[in-house]
Amino acid sequence: MDWYVHPSSYVDDDVVIGKDSKVWHFCHIQSGARIGEGCSLGQNVNVSNNVVIGNGCKIQNNVSLYEGITLEDHVFCGPSCVFTNDLTPRAKYPKGKAGYLKTLVQEGASIGANATIVCGITIGRWALIGSGAVVTKDVPDYALMVGVPAQQKGWACECGSALDENLHCKHCGRQYEQKTGGLVERQGN
């Protein structure tokens, strides 16, 4: 095998795990899950049925990815961040798979420890969700989101640093400009 699963973890049938991915202690990967190459799943991660995880993702300890969630390439999920897939759950009246709302976390986005992601939204490319934030609506590309409920407090560079008021990164030198749906990196700097 060209991937690693710790012996304390369970991997159901019909699961794909990409090359060089690692699944650490006490994880459960459920049927139909697809995990890309070069991923790391920390201790006690649950990947539910039919979840899609792109290449190079890092999912820290105690994260559950429920059915309806897709992570694109290079997404970071901090320790104990929470995803949902049903806006109005009732134990007595389960909706089942047909009632789950889809959540998309786009390329390079990072979600801080203990953040909550309410289902049915899209988190834009390279967005940065602060620890403990509660995200209830779509997030633009490169947005820096904090608070309860989460509000945009600025912009984040692809490298993870906060951008200044001129949309410039003092850490790596990238320059951005605002477009519909968030920021785009200015080319030819």
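Student: In this predicted model, which residue forms a salt bridge with Glu67?
Tutor: A salt bridge needs a side-chain nitrogen of Lys or Arg within 4 Å of a carboxyl oxygen of Asp or Glu. For Glu67, the closest N and O atoms of the pair are 3.6 Å apart. The partner is Lys97.

Student: How many residues apart are Glu67 and Lys97?
Tutor: Glu67 is in the loop between β11 (64–65) and β12. Lys97 is in the loop between β14 and β15. The pair links distant parts of the chain, and the separation is 30 residues.

Student: Is Glu67 buried or exposed?
Tutor: Buried means under 20% relative accessible area, and exposed means over 50%. Glu67 has a relative accessible area of 13%, so Glu67 is buried.

Student: Which residue has a side-chain polar atom 3.0 Å from the backbone oxygen of Glu67?
Tutor: The residue is found in the loop between β14 (82–83) and β15 (103–105). It touches Tyr66, Glu67, Gly99, Tyr100, Leu101 and Cys119, not counting residues up to four places away in sequence. The residue with that polar atom is Asn85.

Student: What is the relative accessible area of Asn85?
Tutor: The cut-off for buried is under 20%. Asn85 falls below that cut-off and therefore counts as buried. The value is 13%.

Student: How far apart are the closest N and O atoms of Arg34 and Asp14?
Tutor: The structure holds 8 salt bridges, and Arg34 with Asp14 is one of them. Arg34 lies in strand β6 (residues 34–35) and Asp14 in the loop between β2 (10–11) and β3, so the pair ties together parts that are 20 residues apart in sequence. Arg34 is partly exposed at 29% relative accessibility, and Asp14 is partly exposed at 48%. The closest N and O atoms are at a distance of 3.1 Å.

Student: Which residues are linked in a network of salt bridges with Arg174?
Tutor: Arg174 forms a salt bridge with Glu158, with the closest N and O atoms 3.9 Å apart. Both are in the loop between β22 (151–155) and β23, 16 residues apart. Arg174 is partly exposed at 24% relative accessibility, and Glu158 is partly exposed at 27%. The residues linked with Arg174 in the network are Glu158 and Glu185.

Student: Which residue in the turn between β23 and β24 has a positive phi?
Tutor: Strand β23 (residues 176–179) and strand β24 (residues 182–185) run antiparallel and are joined by 4 bridges. Gln178 stands opposite Leu183 in β24. The two strands form a hairpin with 2 residues between them, and the residue with a phi of about 90° is Gly181.

Student: Which are the edge strands of the open sheet?
Tutor: The open sheet has 6 strands in the order β3-β6-β9-β12-β15-β18, with parallel pairing. Each edge strand pairs on one side only, and the two are β3 (16–17) and β18 (122–123).

Student: Which residue in β15 stands opposite Ile69?
Tutor: Strand β12 (residues 69–71) and β15 run parallel, joined by 3 bridges. Opposite Ile69 stands Thr103.

Technical notes
Residues numbered from 1 in each chain as written. Predicted model: local features only at pLDDT ≥ 70, side-chain atom pairs only at ≥ 80, totals over all residues. Heavy atoms only, no water. Buried < 20%, exposed > 50% of the residue type's maximum accessible area, 1.4 Å probe, protein only. Polar contact = N/O pair within 3.5 Å; in protein donor to acceptor, adjacent residues only side chain to side chain. Contact = heavy atoms within 4.5 Å. Pairing = 2+ DSSP bridges.
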